[in-house]
There are 2 protein chains.
Amino acid sequence: MTTETLNIREMCDAFEVTPRTLRFYEAKELLFPIREGQKRLFTKRDRARLKLILRGKRFGFSLEEIRKLLDLYHMNDGQEEQLSQTYVLAEMHLADMEAQKAELEVAIAELKEQMAWGAEKLSKMAKGKTVAA
Amino acid sequence: MTTETLNIREMCDAFEVTPRTLRFYEAKELLFPIREGQKRLFTKRDRARLKLILRGKRFGFSLEEIRKLLDLYHMNDGQEEQLSQTYVLAEMHLADMEAQKAELEVAIAELKEQMAWGAEKLSKMAKGKTVAA
DNA sequence: CGTTACGTTTACGTGCGCGTCAACTTTGCT
DNA sequence: AGCAAAGTTGACGCGCACGTAAACGTAACG
């Protein structure tokens, strides 16, 4: 089987982050690498979590928000109260993400429109130059 | 006709930002309110720009990136060189936004899946409680 | 004419997400 | 045994996007 755990360098290379970032995330309780002596070993679980962390960041969530959300993905036995709270949180994030998607579609359409305008202007300018030359 | 320009408070209320934020954006050359004596008056153009600024922020762009992009939306007479540079920038942002949209769709699907899992778990727990009671 | 409300500048403070040393083990060659 | 490579723990620094407080201007109102 392929390597079960990754050391810090392998983990960094795999996700394009720095060691500092991984230690920082551990300090913030986003990751929980196991220890072999003093060194960190990142498990499959850490890899899954880091993927979600980086994704969450791209969508503008804070590390603290992400930390709470990760519970939903890695909760095996949580208390009902906590699970239901996390569920509510997830609903909010889902709503947020769907709103973001809708907004994104509008923004993309508008940007495309503007770019078409810009492209036309550029082509006219090029024409003018050619004629002038 | 409705008020042509907004003072700082009206502008803040309209966009749910603080005066500090508006002054900060002006200092960063994202907004250009006109002056009536010492006071700022925000024009329609400022409103359009602020809308784009806030949208850009939601999508994780920095104020500096947004500033450059705004040129595309408000360029009437720019030089060809500058326009074409801005165009390239816009292409990159467009690609970024479309990638984000794709990623967002995946994330939404995954989160929904997890929530279904959580919902099932919650319903089982509720059942257990009812039976136990 | 005072004071209240709204706005302004200047400047230092703050939270987040790391970057960047410094000083120290631990590990693996040779 | 010696030494470089890789990793570790502090601890301070930094850029961004504002928050916040101080001190001042000015315009309106009773």
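Biologist: In this predicted model, which element gives the largest share of the surface near DNA strand D?

Modeller: The largest share of that surface comes from α2(B), with three residues. The elements that give two or more residues there are α1, α2 and β2 of chain A, together with α2 and α4 of chain B.

Biologist: Which residues are closest to DNA strand C?

Modeller: The closest are T18(A), R20(A), L63(A), R9(B) and R40(B), out of 17 residues that surround DNA strand C. At least two residues each are supplied by α2 of chain A and by α1, α2 and β2 of chain B. Here α2(A) gives the most, with three residues. The surface near DNA strand C divides into four nonpolar, seven polar and six charged residues.

Biologist: How do you know that the two copies are related as by a two-fold rotation axis?

Modeller: In general, two copies of a chain are related by a rotation about an axis and a shift along it. Chain A can be laid on chain B by a turn of 180° and a shift of 0.0 Å along the axis, with an RMSD of 0.2 Å. The copies are therefore related as by a two-fold rotation axis.

Biologist: Why is it said that the copies meet through the same surface?

Modeller: The reason is that 100% of the interface residues of chain A are also interface residues in chain B, so the copies meet through the same surface. The contact takes 29 residues from chain A and 29 residues from chain B. On the side of chain A that touches chain B, α3, α4 and α5 of chain A give two or more residues. The largest share of that side, 23 residues, comes from α5(A). By class, the side has 15 nonpolar, six polar and eight charged residues.

Biologist: What is the handedness of the crossing, and which residues meet?

Modeller: The crossing of α3(B) past α4(B) is right-handed. From α3(B), the residues R45(B), R49(B), L52(B), I53(B) and G56(B) meet I66(B), L69(B), L70(B), Y73(B) and H74(B) of α4(B). By class, this contact has six nonpolar, two polar and two charged residues.

Methods
Residues numbered from 1 in each chain as written. Chains lettered and ligands numbered in written order. Predicted model: local features only at pLDDT ≥ 70, side-chain atom pairs only at ≥ 80, totals over all residues. Helix = DSSP H or I, 4+ residues; strand = E, 2+ residues; numbered from the N terminus. Contact = placed C-beta atoms within 7 Å. Nonpolar A, V, L, I, M, F, W, Y, C, P; charged D, E, K, R; others polar. Least-squares fit on C-alpha atoms with pLDDT ≥ 70 in both. Near = placed C-beta within 6 Å. Left-handed = near helix turned anticlockwise from the far one by under 90°.
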